[in-house]
Amino acid sequence: MKSEVTLEKHYAASRVAIAREIGDEFMIIPLETSAGGVDNEPYILNRTGRAIWQGLDGSKSLKDTAAELAVRFDVPVKTMEQDMLEFVKKLLKMNLIVEAPGS
Amino acid sequence: MTKKGHDIQKAREETGWAYCDMKWLSEGEARRAALKRDTLLQSISDKIKSYFKGNKIGPGRLSPGCMTCGLGTWSCLFICSACTANCFFCPQDRKKKKDRPPTESGLLFDNPRDYVDYLERFKFRGVSFSGGEPFLKHKKILDYIRKIRERLGEGIYIWMYTNGDLVDKGKLIALKEAGLNEIRFDIAASHYDLKAVGMSRDVIDRVTVEIPAIPEDYSVLKKCLPRMKAMGVDHLNLHQLMASPYCYKNFMDRRYTFLHQANIPVLESEMTALRVIKHVLDHDIGLSINYCSTIYKNRFQKTGYRKRFESLVRKPHEGLTESAFIRRLAFRGSPVETRKFLKAFEESDAHRDLWFFDKEKGELLFHDSLLNLIDLDRQGLSVSYFSPQLAETHDTKSDNSKEIVLNSRRSIFVQRKCVHETKMDNPVTAKSFQELFLEKKNADDVMKSFYRNYELRAKSDIHEMMSDRDRLDLLKAWEITGSGLGEIY
């Protein structure tokens with residue numbers, strides 16, 4: 001059963017992903033697909049995406065991370081929370097992050 | 001291109017224009033089919049045996065003949081092409097009226113003595129007679145069996161295939177007396193009639209029913225199973241249906257789903273075979289079943305063939321992959337670098353035959369055991385794979401054709417064909433190749449290291465990295481035999 005993504009939960013990068021920087025670019029490389037193949041393409045992140053990814057270390061809830069990033073990028077907290085929820089859903093679907101024990 | 005992409009391309013080439021009309025799986029359908037198969041496999045997993053890296057599964061023992069197949073020591077002589085039946089699943093061209101003389105691996109063996117010389121020369125341990133319908137050539141088969149027994153004694157296991165149409169007690173006794181060990185009936189060709197099977201049970205030591213797993217026949221086969229057990233059938237061999245140019249239209253009419261593997265197997269046939277196994281186990285019928293999947297044939301029968309002949313055309317500086325392809329490593333660089341590598345080889349304890357410098361091409365060929373002597377952190381690598389091939393005649397254009405003299409009147413030739421070559425210019429890719437396929441390190445660890453260490457200076461390098469990853473993945477086709485049933489896609 002799929003568990004719901006909420007702001008109270010903690011998330012961390014999964015073991016099946018590797019992050020690499022190329023100049024200003026940041027990408028996540030999935031090491032496997034759900035079917036065990038290797039046909040997943042790298043996922044290139046923008047500046048905000050990169051900051052969110054780096055914030056997903058399992059130590060804080062999404063809510064706390066969103067509050068920090070909202071200040072850093074000077075955007076309303078609600079907007080950042082909405083962006084993060086969407087982004088986390090996408091990453092979960094790609095198996096790039098997992099729910100962390102702190103949740 | 002990944003191995004999966006390569007398989008899809010091969011299937012497209014094999015089926016030609018028919019590809020678009022054939023039923024293939026979407027990604028979602030493939031996932032669901034794999035899940036369904038996994039569930040079925042899980043439900044029987046503690047009661048079945050697995051052979052040859054899980055490529056063959058089923059409850060009970062395998063026939064000694066099937067063991068020789070898996071071990072690569074089986075020869076199958078197609079004694080004729082004529083047949084008394086006209087099965088929808090027959091992979092051969094049934095429109096051809098002219099009967100074909102006995103052949104094995106594309107070689108003509110019309111003379112039993114030549115065939116026995118061939119069996120002896122390549123140390124075969126199992127021989128079978130197939131067709132067409134072999135009972136159309138009953139006398140001829142007797143002649144072959146007698147000659148085999150005369151020369152090779154009891155150390156060779158002999159069986160034959162039949163649809164049962166022409167079987168009678170007298171013929172069976174003659175076969176038994178000549179030295180036949182086992183008879184295999186394709187009862188799917190005779191509407192699941194077990195009369196000939198029962199007749200053989202009293203005469204031949206081992207009796208097997210060997211049929212394709214036909215989805216529409218599941219119920220009728222289910223009814224036959226207790227009767228087979230009661231009459232003492234030793235093995236039930238279930239094959240996965242495979243599409244050939246001569247039967248794929250019949251399969252399309254039946255709305256079968258095709259899979260992207262060599263020989264184009266049918267998904268529903270595999271599911272039927274697994275359901276039959278489950279039925280036999282759930283109802284304690286006690287039949288030995290061998291599910292002979294297409295992936296098994298692609299992996300083990302073909303590896304067996306290559307293993308038999310590779311040593312005749314492999315050079316000392318070439319290596320061998322797990323699936324018995326000849327692997328040739330080459331370095332083509334500046335004269336300074338080449339000289340440096342040559343010096344490293346010469347100063348090592350390695351035998352002089354383990355490398356070869358082709359002056360004309362400026363290419364240094366070397367055995368994989370020497371790879372540690374050169375610095376892959378700075379150099380790329382070329383890898384080529386070759387497969388041995390039997391031929392009736394000498395290929396005058398090739399210097400790789402070797403004559404094998406069977407006797408004073410008959411020679412055959414073993415040639416080699418390049419099946420794939422690739423160049424790895426990136427040192428991280430070359431290093432990963434070494435770790436994956438030569439040092440057999442954990443694939444996940446190697447790939448993690450590949451992604452971490454691949455030099456990325458610009459965004460465009462990502463494409464290069466992913467191409468190199470696919471290149472490495474594709475090499476599995478020639479490097480690794482593979483385990484378990486085939487991936488569904």
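Reply: Two residues are in contact if their C-beta atoms, placed from the backbone, lie within 7 Å. In that sense Leu180(B) touches Ile145(B), Ile158(B), Trp159(B), Met160(B), Leu175(B) and Ile204(B), where residues up to four places away in sequence are not counted. The model is predicted, and local features need pLDDT of at least 70, side-chain atom pairs count only at pLDDT 80 or more, while totals for chains, interfaces and linings use all residues. Residues are numbered from 1 along each chain as its sequence is written, and chains are lettered from A and ligands numbered from 1 in the order in which they are written.

Me: What makes the set around Leu180(B) a nonpolar core?

Reply: A nonpolar core is a set of buried Ala, Val, Leu, Ile, Met, Phe, Trp, Tyr and Cys residues joined through C-beta atoms within 7 Å, and a residue is buried if 20 or more other C-beta atoms lie within 10 Å of its own, exposed if 12 or fewer, and partly exposed in between. The largest such core has 81 residues, and those touching the most other members are Ile148(B), Ile158(B), Leu180(B), Val209(B), Leu238(B), Val276(B) and Ile289(B). Helix 10 of chain B, residues 267–282, gives the most to this core, with six residues. A second, separate core has 25 residues, among them Phe325(B), Phe331(B), Trp355(B) and Phe386(B).

Me: Why is strand 7 of chain B called mostly covered?

Reply: Helices (H or I, at least four residues) and strands (E, at least two) are DSSP runs, numbered from the N terminus, and of the six residues in strand 7 of chain B (157–162), six are buried. Tyr157(B), Trp159(B) and Tyr161(B) point one way from the strand, whereas Ile158(B), Met160(B) and Thr162(B) point the other way, and all are buried.

Me: How do you know that strand 7 of chain B pairs with strand 6 and with strand 8 of chain B?

Reply: Two strands pair if DSSP finds at least two bridges between them. Strand 6 of chain B (126–130) is joined to strand 7 of chain B by four bridges, and the two run parallel; here Val127(B) stands opposite Ile158(B). Strand 7 of chain B also pairs with strand 8 of chain B (182–185) over four bridges in the parallel sense, with Ile183(B) as the bridge partner of Met160(B).

Me: What makes the crossover from strand 6 to strand 7 of chain B right-handed?

Reply: A crossover is right-handed if, with the strands pointing away from the viewer, the path from the first strand over the helix to the second runs clockwise. The chain crosses from strand 6 of chain B through helix 5 of chain B (138–152) to strand 7 of chain B, and this β-α-β crossover is right-handed. Strand 7, helix 6 (169–178) and strand 8 of chain B likewise make a right-handed β-α-β unit.

Me: Which peptide bond in chain B is cis, and where is Gly132(B) found?

Reply: The cis peptide bond joins Gly131(B) and Gly132(B), with omega about 25°, and Gly132(B) is found in the loop between strand 6 and helix 5 of chain B.

Me: Why is Lys123(B) called exposed?

Reply: Lys123(B) has 10 other C-beta atoms within 10 Å, and is therefore exposed. This residue lies in the loop between helix 4 and strand 6 of chain B, and has a positive phi of about 55° although it is not a glycine.

Me: Why does Asp74(A) count as exposed?

Reply: Asp74(A) has 6 other C-beta atoms within 10 Å, so Asp74(A) is exposed. Its place is in the loop between helix 2 (62–73) and helix 3 (77–93) of chain A, and its phi is positive, about 55°, although Asp74(A) is not a glycine.

Me: How many residues meet where chain B touches chain A?

Reply: On the C-beta criterion, 16 residues of chain B are in contact with 13 residues of chain A. Helix 14 (443–453) and helix 15 (460–474) of chain B each supply at least two residues of the chain B side.
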